[in-house]
Amino acid sequence: MKREGLILILSAPSGAGKTSLCRELFKTFPDMRESISFTTRTPRVGEVDGVDYFFVTEQEFKSMIDDDAFAEWAVVHGNMYGTALKTLEEARKNGIDLVLDIDCQGALKLKEQFDGGVYVFILPPSMDELRRRLESRSSDSQEVIELRIDKAADEIKESRWYDYIIINDNFETACSELSSIVIAHRRKTFRMMEQVGKLFDI
Ligand code: 5GP
């Protein structure tokens with residue numbers, strides 16, 4: 001009996017610290033893999049096709065929708081993003097633990113259509129702290145910051161239907177909480193039976 005891969009879905013408003021938490025997660029669990037999404041957005045400097053995203057045209061994306069190739073997809077900031085069903089099915093079948101960094105709309109679609117994922121929402125400690133974090137990133141204009149704050153307020157309402165919520169106040173604490181969730185799901189009996197079978201011949 002092959003161990004079933006864990007599908008971990010992470011969502012967070014911009015500025016909550018999801019990228020840093022993800023980076024730490026991959027350091028703690030080097031065997032976890034990041035799901036590579038399809039997107040119609042143009043690559044940023046340094047981004048590589050097939051590594052950061054599969055960059056496709058709108059026509060290609062739409063034809064994947066028609067072929068039911070997506071487990072979920074959504075329009076985020078005017079671009080289309082989607083997770084291929086094949087990515088999830090192959091990881092699960094091959095016992096690979098996969099992390100999906102997707103927005104709330106996509107996560108909700110996935111929860112409705114795909115069994116067994118683990119949904120984690122990462123929150124900032126307060127709206128004031130979120131604003132402070134966004135303002136300290138010198139890259140964004142005040143207009144973009146205001147848009148992100150408005151969007152964050154809507155996204156935070158979506159946290160209610162996630163399986164777990166992490167409040168990223170202290171980074172180390174948030175990292176250990178995220179790791180604990182992964183460890184608990186890795187220790188689920190149905191994921192342990194392959195190893196138990198090998199160890200004890202049952
Ligand atoms: P970016 O363009 O900055 O890489 O990502 C923008 C947003 O798109 C992020 O909030 C990210 O979570 C979301 N996103 C990335 N890939 C997917 C995907 O496959 N599906 C959905 N629904 N959202 C995605």
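**Entry 1: what kind of model**

I noted at the start that this is a predicted model.

I followed the order from strand 2. Strand 2 pairs with strand 7 (residues 98–101) over 2 bridges, in the parallel sense.

Next I came to strand 1 (residues 7–11). Strand 1 runs parallel to strand 7, with 4 bridges between the two. Leu8 has Val99 of strand 7 as its bridge partner. Strand 1 also has 4 bridges to strand 8 (residues 118–123), again parallel. For that pairing I noted Ile9, whose bridge partner in strand 8 is Tyr119.

**Entry 2: strand 1, buried or exposed?**

I counted 5 of the 5 residues of strand 1 as buried, so the strand is mostly covered. I then sorted the side chains by direction. Ile7, Ile9 and Ser11 point one way, while Leu8 and Leu10 point the other way. Residues on both sides are buried. The sorting follows a general rule: in a regular strand, side chains alternate between the two faces of the sheet.

**Entry 3: strand 6 and its partners**

I moved on to the antiparallel pairings. Strand 3 (residues 38–39) is joined to strand 6 by 2 bridges, and the two run antiparallel. Phe38 has Gly82 as its bridge partner in strand 6. Strand 5 (residues 70–76) also pairs with strand 6 in the antiparallel sense, over 6 bridges. In that pairing I found Ala74 opposite Tyr81.

Why can I call strand 6 largely enclosed by the rest of the structure? Of the 6 residues in strand 6 (residues 79–84), 5 are buried, so the rest of the structure largely encloses the strand.

**Entry 4: the hairpin and a positive phi**

Strand 5 and strand 6 form a hairpin with 2 residues between the strands. I looked at His77, which lies in the loop between them. His77 has a positive phi of about 50°, although it is not a glycine. I marked this since most residues other than glycine have a negative phi. With a relative accessible area of 56%, His77 counts as exposed, because the cut-off for exposed is over 50%.

Asp201 lies in the segment after helix 8 (189–200). Asp201 is exposed, at 72% relative accessibility.

Where does the ligand sit? I found the ligand in the largest pocket. Strand 5 and strand 6 are the elements that give two or more residues to the shell around the ligand.

I listed the residues around the ligand, and there are 15. Those that come nearest are Ser37, Arg41, Tyr53, Tyr81 and Asp103.

I also looked up polar distances to oxygen atoms of the ligand. For Tyr81, an N or O atom of the side chain is 2.4 Å from a ligand oxygen. For Tyr53, a polar side-chain atom lies 2.5 Å from a ligand oxygen. For Asp101, the distance from a polar side-chain atom to a ligand oxygen is 2.8 Å. On its own the ligand has 520 Å² of accessible area, and the protein covers 85% of that.

**Entry 5: two buried loop residues**

I picked Asn168, in the loop between strand 9 (164–167) and helix 7 (171–186). Asn168 has a relative accessible area of 4% and is buried. Its side chain reaches the backbone oxygen of Ala16 at 2.8 Å.

I then picked Ser159, in the loop between helix 6 (142–157) and strand 9. At 9% relative accessibility, Ser159 is buried, because that is under the 20% cut-off. The side chain of Ser159 reaches the backbone oxygen of Ile156 at 2.7 Å.

Notes:
Residues are numbered from 1 along each chain as its sequence is written. This is a predicted model: local features need pLDDT of at least 70, side-chain atom pairs count only at pLDDT 80 or more; totals for chains, interfaces and linings use all residues. Side-chain values use heavy atoms; hydrogens and water are left out. Buried means under 20% relative accessible area, exposed over 50%, partly exposed in between (1.4 Å probe, protein chains only). Two strands pair if DSSP finds at least two bridges between them. A residue is near a molecule or strand if one of its heavy atoms lies within 4 Å of it. A polar contact is a pair of N or O atoms within 3.5 Å; within protein, one must be able to donate a hydrogen and the other to accept it, and residues adjacent in sequence count only if both atoms are side-chain atoms. Accessible areas come from the Shrake-Rupley method with a 1.4 Å probe; for residues, only the protein chains shown count as cover. On a 1 Å grid over the protein atoms alone, a cavity is a set of points where a 1.4 Å probe fits but cannot get out, and a pocket is an open set with protein on both sides within 12 Å along at least five of seven lines; lining residues have an atom within 4 Å of a point. A molecule sits in a cavity or pocket if more than half of its atoms lie within 2 Å of its grid points.
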